[in-house]
Amino acid sequence: RCVQETALSINNQKMLLTAQTFVGVIRGLETFSQLVYHQNSNQKQGANSKQIFSYYIPQVPIHIEDKPKYRHRGLLLDSARNFLEVDTIKRTLDAMMYSRLNVLHWHISDDDAFRIQSKAFPGLNHPQFPFYTDNEVKSIVSYAKERGIRVIAELDQPAHTFSWKRDANIGKFVIHAPHQFQHISTGLLDPTQKEVYEIISTLLKESQELFPDKYIHLGGDEADFKIWDRNPSVKELMKRMEVKNYEQLQVLYTKIVRRILDLQNPKAVPIYWSNNATLFMKYNKGDVVQWWGDNNELPEIMDQYKEQIFIISSYDYYYLDCGLGDHQGRNSWCNPFLVWKKIYSAEIPQNLRILGAEACMWGETVDDDIIDGKIWPRASVLGETFWSHTKEQIVGKVARRLAAHTLRLKARGIRATPITTSYCIRNIKECFQKETF
């Protein structure tokens, strides 16, 4: 049975919630809370009046048997670019629980900063760039677990490692050059040095001590081969090992890191980024590919990787930063801004090798002050479409549910963005008429 499966029965006398696991109880209680309505009224007592709060569940009796269609419904949170306070992350976890999302993918290192405490390489934690202590990480993981949410850490490498240069013991193994896309310095680990693999082994061990989930994200995207091309030691290694090109070199590097992970934890399952630029990569059977390319290309990619599992993060439907602009005040590389109807309309291939999906909140232009409104309620749409076994075709019905959920999020302290005007919330049929997806 699905660990998130619940059964809920309500009549005029009682409510009965049945679940096999703690997570199932969490999901069932959230369902129950969303069935409860409240209304306020004033009751006169002589010259005075007092406000009465009434709570009720309409249309009882109700019986609901519920379980998710996909077991991985995630949100990527990027605190490497702009540091996010612990309270912000915990508030995000609350909103995830309210929205049936159950995986926090935590992007904790990038060219900008390395955000978790490293005892082996303290230089990674530069005083100019805040980081999370072990106790703070453990408190976040524990807080998530209490809400039925797993936390997966991403150790992004071999690219996106310029921040690693801040540690004296690691810096000499990071080759760097101006980034051809973002025009900031980017790092790429030197695969010719055995010390690199010892460093990776140590960081993986530290990470797994903090994040007990069996899945670990190993990055693997946007390796700028021009950086390797300018390094003589890399060329010498390729010649000696008869490696024909830099694509084969990254495959070799990834294979070694995968072996390190296997030796440390045979039960660990790696996740790798994938798009059209990395289709040369080779993965082990059962590895997880997180696709961030065009959504319409996903079936073809799944046909190429027949032994791998997939997480869908297609940028054209699930990148919440699209349309927000970049860190240099230019237009985003992906446009336009993804409205909630666009996210809901995504075609999801019917394939048993799809683990689920993640909405991605990349952090170049978001911080503690505005992140709620950039994520919510748009990420809630992913929660619905990857939980529900049926997909609504009437736009107005989805708008009604999402508007109600937005108000619920706001009442619970989440600074969600309205999906429409207050007039349209009260006049859904008029505003959306007979529009369909």
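This is a predicted model: local features need pLDDT of at least 70, side-chain atom pairs count only at pLDDT 80 or more; totals for chains, interfaces and linings use all residues.
A residue is called buried here when its relative accessible area is under 20%, exposed when that area is over 50%, and partly exposed in between.

**Disulfides**

A search of the whole structure finds 2 disulfides. The table sets out the two bonds.

| Disulfide | S to S distance | Torsion about the S-S bond |
|---|---|---|
| Cys322 to Cys334 | 2.0 Å | about -110 degrees |
| Cys424 to Cys431 | 2.0 Å | about -85 degrees |

The bond between Cys322 and Cys334 is left-handed, because the torsion about its S-S bond is about -110 degrees. Cys322 and Cys334 both lie in the loop between α9 (315-318) and α10 (340-344), so this pair ties together parts that are 12 residues apart in sequence. Cys322 has a relative accessible area of 2% and is therefore buried, and Cys334, also with a value of 2%, counts as buried as well.

The bond between Cys424 and Cys431 is likewise left-handed, since the torsion about its S-S bond is about -85 degrees. How accessible are the two partners, Cys424 and Cys431? Cys424 has a relative accessible area of 13%, which lies under the 20% cut-off, so Cys424 is buried. Cys431, by contrast, has a relative accessible area of 29% and is therefore partly exposed.

**A cysteine without a partner**

Cys360 takes part in no disulfide, and the nearest cysteine sulfur, which belongs to Cys322, is 9.6 Å away. Cys360 is buried, with a relative accessible area of 0%.

Where in the chain does Ala268 sit? Its place is in the loop between helix α7 (246-264) and strand β12 (269-274). Although Ala268 belongs to a loop, its relative accessibility is 5%, so Ala268 counts as buried. Leaving aside residues up to four places away in sequence, Ala268 touches Gln208, Lys214 and Leu261. Asp112, for its part, is 156 residues from Ala268 in sequence, and the two are 27 Å apart in space, taken from C-alpha to C-alpha.

Methods. Residues are numbered from 1 along each chain as its sequence is written. Side-chain values use heavy atoms; hydrogens and water are left out. Helices (H or I, at least four residues) and strands (E, at least two) are DSSP runs, numbered from the N terminus. Buried means under 20% relative accessible area, exposed over 50%, partly exposed in between (1.4 Å probe, protein chains only). Contact means heavy atoms within 4.5 Å. A disulfide is a pair of cysteine sulfur atoms within 2.5 Å.
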